[in-house]
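Visitor: I would like to learn how to read aromatic pairs in a protein model. Could you take me through one case?

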Amino acid sequence: MRQSLASLGLEEHLPFTSEERRHDALARDLRECAVPGDAETLVIYCTGHGMLEGSGFSLLLPDGDAFDPDRMIKPLEMEAWTNLQEIVLILDACSAEPGLDAALLQARKVNTRTSTKGFWGIGASRRLEKARQGSFAVAFAKAVGRAAQPSWTKPHIDPGAIAREIDRALGPDQSVWLADGHPARRCRALPNPRHQSPSAPKGLPLPADWAASARGVAAADLPGFFFAGRTALLRELREHLMGEGGKPIVVTGSSGAGRSALLGHLVLTTHEDGRRSIPSEVTLAWPALPVTVAAGRGDPPRVTAMLLRELTGSNSARELVDVLRSAPKPLALVLDDLDETTEPEAWSQFFGTLRSVPGVRLVVGLPSSSGISVGDSSRVLDLDDLVDECADDAREYLRRQVRLAVPGAGEPQIRRTVDALAARTAAEWTVAVTVSALPRASAGESSVGNYLDQATKALDATAHRVCRERVGAVLGEKARGIVSALSALCGYADTVALPATEWAAAASVPGAPRVGVEDVATAAALMRSLVERRPAADGSARWRARFGHPAGGGYPKPEDFLRRLPQVADWRTTDWRAVDAGVLMLVSRAAALGLLPSSLLDDPAFLLDAPPAVVSRALQQLRAAGDRTLRSRMWSLVPRNVSDVDRALMLRIGAERFSVMPLVTAFRTSRRAGVGNHREPSADIDWVQPDHARSTRVTHMTSTPAGPHAAIVTVQDDDSLSFWAPSDGTSLRAAVSVPGTPRDVTVAVVQGRALALVSTWQREIWLVPCHEDAPPTALPEFVPPHGEGGNRTRPVPLLLSLHPGGHVVVTSGPAVWVGRLGTGDPVRKLATMDSELLSVRAAGPVSAPVVWLLPASGHIRSLRLGGVRGGSVSPFPVPNRPLALAVSEAGDQALIRDASGDLHLRGPGRQSTALTKTRRSETRAAALDDSTVVVGGSTGRSGWLEIHDLSCPTVPARLPLDEAAVDVALHGRNRLLVARTCGLLSMKLVAGHG
């Protein structure tokens with residue numbers, strides 16, 4: 001309780017050093033003591049054991065006697081206490097309530113001096129309540145600490161508010177009791193040590209502008225005292241003032257380091273006139289010193305005049321040395337802002353005079369670049385070595401300012417606001433004090449939003465001005481562009497830090513001297529803590545302004561600097577892969593503002609190397625809505641987290657698919673030139689069918705072998721059939737639909753004509769020519785008898801395969817039938833398998849046709865067709881249930897994918913060959929020839945291909961696709977046809993299969 005009350009600036013009356021004092025002894029001392037004449041308030045704290053006796057209350061004395069608390073009030077009726085205006089009695093004891101009531105009655109007795117005084121009584125408990133030992137005192141100290149907040153309007157702490165907070169802290173078992181009898185005015189007994197006078201102080205022992213710096217305000221006519229920090233330095237300087245040594249102390253530092261503020265604070269907290277004007281919180285922290293203090297600044301004559309006026313009280317004509325010798329000792333002389341144009345010899349003579357007088361303690365403030373010498377034996381304190389400490393001081397200063405400016409704000413709001421403002425001021429005291437000139441929030445306002453906006457703008461403007469002044473002193477007119485470029489560009493994002501090249505380019509104002517990288521490095525050093533150094537990953541220098549770019553007021557617009565970035569002004573020569581990440585973000589912003597030329601979007605290098613966000617924002621600036629939509633759809637296909645060559649592949653596919661012809665041309669030109677780099681796709685695209693807002697999706701594809709009459713047939717989700725040229729993906733004829741729903745499709749070139757056969761779920765077979773706009777023709781002769789392979793209640797669908805030799809193989813359930821196209825003869829049964837057939841593929845040369853059969857049992861069969869003689873049927877089983885079958889054009893090999901995802905090759909010499917297990921679960925397509933196996937499928941909305949090289953069993957090459965792979969076909973040597981749900985594409989397989 002002693003510490004808590006002393007922290008309010010109260011002076012202890014009748015102090016004692018023993019562990020405790022008897023209540024009756026205190027009452028006697030109050031009656032017999034010498035009362036200070038200016039004593040207007042008195043706080044009495046009593047603790048001990050409280051007890052109820054009958055209807056009264058007493059405090060128990062050590063000898064067992066009872067003491068009535070009202071006896072503390074009776075001595076205050078004496079004439080010695082005439083000037084006393086307010087009494088606060090605190091009883092920290094059990095059942096304190098009736099004791100306070102009795103004291104109040106004593107104070108309010110008619111015709112007594114105490115009846116004219118205000119009385120505030122606070123009891124730790126009500127009657128019949130126990131007061132837990134120490135609980136009230138702890139709660140009181142905490143409540144006082146919270147109540148003592150910076151304020152312009154609350155010079156005193158309300159005892160009632162303190163009591164209410166204590167009551168909440170003590171809980172339900174102990175209640176605080178108030179007994180009040182006082183005028184309507186507020187209690188003045190508990191001063192708020194952090195109260196600030198709302199009027200500017202007068203009569204300070206410093207010039208007004210120096211005092212303003214010491215008080216931490218931006219102008220002399222502003223109220224308040226906000227100096228914060230520098231505790232260790234102040235302690236060292238105060239020890240010097242009281243010490244025996246005669247060595248001067250020189251406090252040095254760069255402009256804005258707070259040198260003048262520090263020395264001014266030293267004077268104000270030491271000089272009697274200064275201490276009368278500053279908050280009691282400061283006087284408590286820095287007690288008075290028995291030292292005479294005088295301050296001065298300017299050239300030697302002016303300093304002399306100021307010292308004489310302070311020490312003699314007038315403009316004395318006496319010699320300074322005589323006044324110094326006769327002045328009380330110790331004598332502290334604090335000098336700052338000395339005239340640097342004065343001859344060094346004059347200063348040496350002046351300081352020699354001061355140092356010759358015994359008992360003089362000299363403290364001198366000089367800038368780091370000063371040519372003034374105080375003496376060879378002086379001790380130097382450099383503020384530039386204490387940047388981190390200064391930053392902490394500035395933060396504390398800002399916290400006080402925010403608390404005073406918005407008194408209704410909560411601590412979380414204040415903390416966030418201080419964090420935001422401190423990041424802009426760093427260790428610059430000159431910048432921080434800007435907020436002292438801001439208007440205060442209106443009464444009752446609790447939001448710091450408006451204040452934060454105003455403070456941010458004010459700090460940015462001041463920091464900008466300070467940096468221009470510092471840089472301009474060395475680099476002249478270049479300073480404007482250098483400072484503005486850094487603050488403007490860093491204002492676009494917290495992650496931006498500028499390398500020297502980009503900073504210099506953006507700072508080079510047209511028509512003015514060009515800024516070089518050496519200039520910005522010099523400027524960064526001059527701007528000191530207002531610029532943060534953020535090295536790149538390779539250690540190269542990058543800088544970031546801590547302050548923002550002021551808006552309006554003649555300042556350039558931020559986009560002016562964006563335009564001058566090399567990546568924007570000269571984008572054709574930019575190596576986008578080498579551009580700093582923060583600069584790329586700025587290029588993204590430039591794209592969003594339309595500062596990048598639209599032709600940049602025709603360059604694959606930019607699209608692939610620039611960050612995706614940059615490209616997306618550039619696309620959004622395209623004026624033609626149709627072009628913007630197509631390019632945006634193209635760009636949406638390009639994944640971010642794949643290899644460079646795969647991204648290039650997806651960009652190439654998208655450009656072809658959405659007919660972005662400038663990009664298609666750029667890719668084709670690069671390919672013809674044979675330029676190999678990370679921008680070349682991982683596969684060589686022949687063609688991609690354009691996506692003209694298709695209303696249907698591809699569900700199946702099959703093709704003839706390569707040749708002069710080759711064709712591709714696709715089935716769409718509306719059951720229609722389309723026919724395409726393998727050379728360029730263009731249409732061969734009009735799309736057609738067959739009666740019924742297609743079940744299986746096969747195509748082959750038979751006697752120089754590309755023909756497609758279609759089986760339907762209605763057990764019909766149709767022939768459709770691929771190059772002629774002829775309608776489908778029914779082929780009932782190829783339909784097996786209805787009872788074969790099924791029953792009349794559940795018809796079994798037909799699978800079929802057409803061989804170039806004219807052989808037609810049809811399956812129905814487990815039964816296999818064969819016929820010949822053009823003969824008109826009905827099909828004949830070829831074989832019956834052990835289970836229902838899942839797939840049938842006819843292949844091989846015309847002279848040696850074969851058919852591969854895939855039953856559900858997994859016992860794969862290969863049968864010879866026609867009159868060719870051969871061995872008996874040979875089984876090639878797979879261990880797991882099969883799902884899909886692909887056969888080589890030569891007919892000697894088959895590829896089976898089973899339910900576990902394994903790929904099995906079957907054929908001569910490959911009875912047990914298993915390929916690398918695919919990692920994809922959604923495999924939907926497969927194709928093979930004598931050296932290559934291709935598997936395709938989907939992952940979510942996109943697709944993929946895996947290309948296995950049979951001549952070199954390694955990890956398969958993997959390629960992304962824009963949509964799911966529906967079917968694939970190897971078409972001739974090193975050409976791959978891929979059907980995605982959106983259409984077809986053709987690519988070349990280079991050596992090693994990409």
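Guide: We shall look at aromatic rings that pair with each other. This is a predicted model, in which local features need pLDDT of at least 70 and side-chain atom pairs count only at pLDDT 80 or more, while totals for chains, interfaces and linings use all residues. Residues are numbered from 1 along each chain as its sequence is written, and side-chain values use heavy atoms, with hydrogens and water left out.

Visitor: How is a pair of aromatic rings described?

Guide: A pair of aromatic rings is described by the distance of the centres and the angle of the planes. Rings of Phe, Tyr and Trp (its six-membered ring) pair if their centres lie within 6.5 Å, and planes under 30 degrees apart count as stacked, over 60 as edge-to-face and the rest as tilted.

Visitor: How many aromatic pairs does a search of the whole structure find?

Guide: The search finds 9 aromatic pairs. One of them joins Trp 152 and Phe 226, edge-to-face, at 5.9 Å centre to centre with 75° between the planes. Trp 152 is in the loop between α4 and α5, whereas Phe 226 is in the loop between α6 and α7, 74 residues apart.

Visitor: Why is the pair of Phe 226 and Tyr 397 edge-to-face?

Guide: The ring centres of Phe 226 and Tyr 397 are 6.2 Å apart and their planes are at 85°, so this pair is edge-to-face. Tyr 397 lies in helix α14 and Phe 226 in the loop between α6 and α7, so the pair ties together parts that are 171 residues apart in sequence.

Visitor: Are Phe 226 and Tyr 397 buried or exposed?

Guide: Both Phe 226 and Tyr 397 are buried, where buried means under 20% relative accessible area, exposed over 50%, and partly exposed in between (1.4 Å probe, protein chains only). Trp 152 is buried too, and one aromatic cluster is formed by Trp 152, Phe 226, Phe 227, Tyr 397 and Trp 429.

Conventions:
Helix = DSSP H or I, 4+ residues; strand = E, 2+ residues; numbered from the N terminus.
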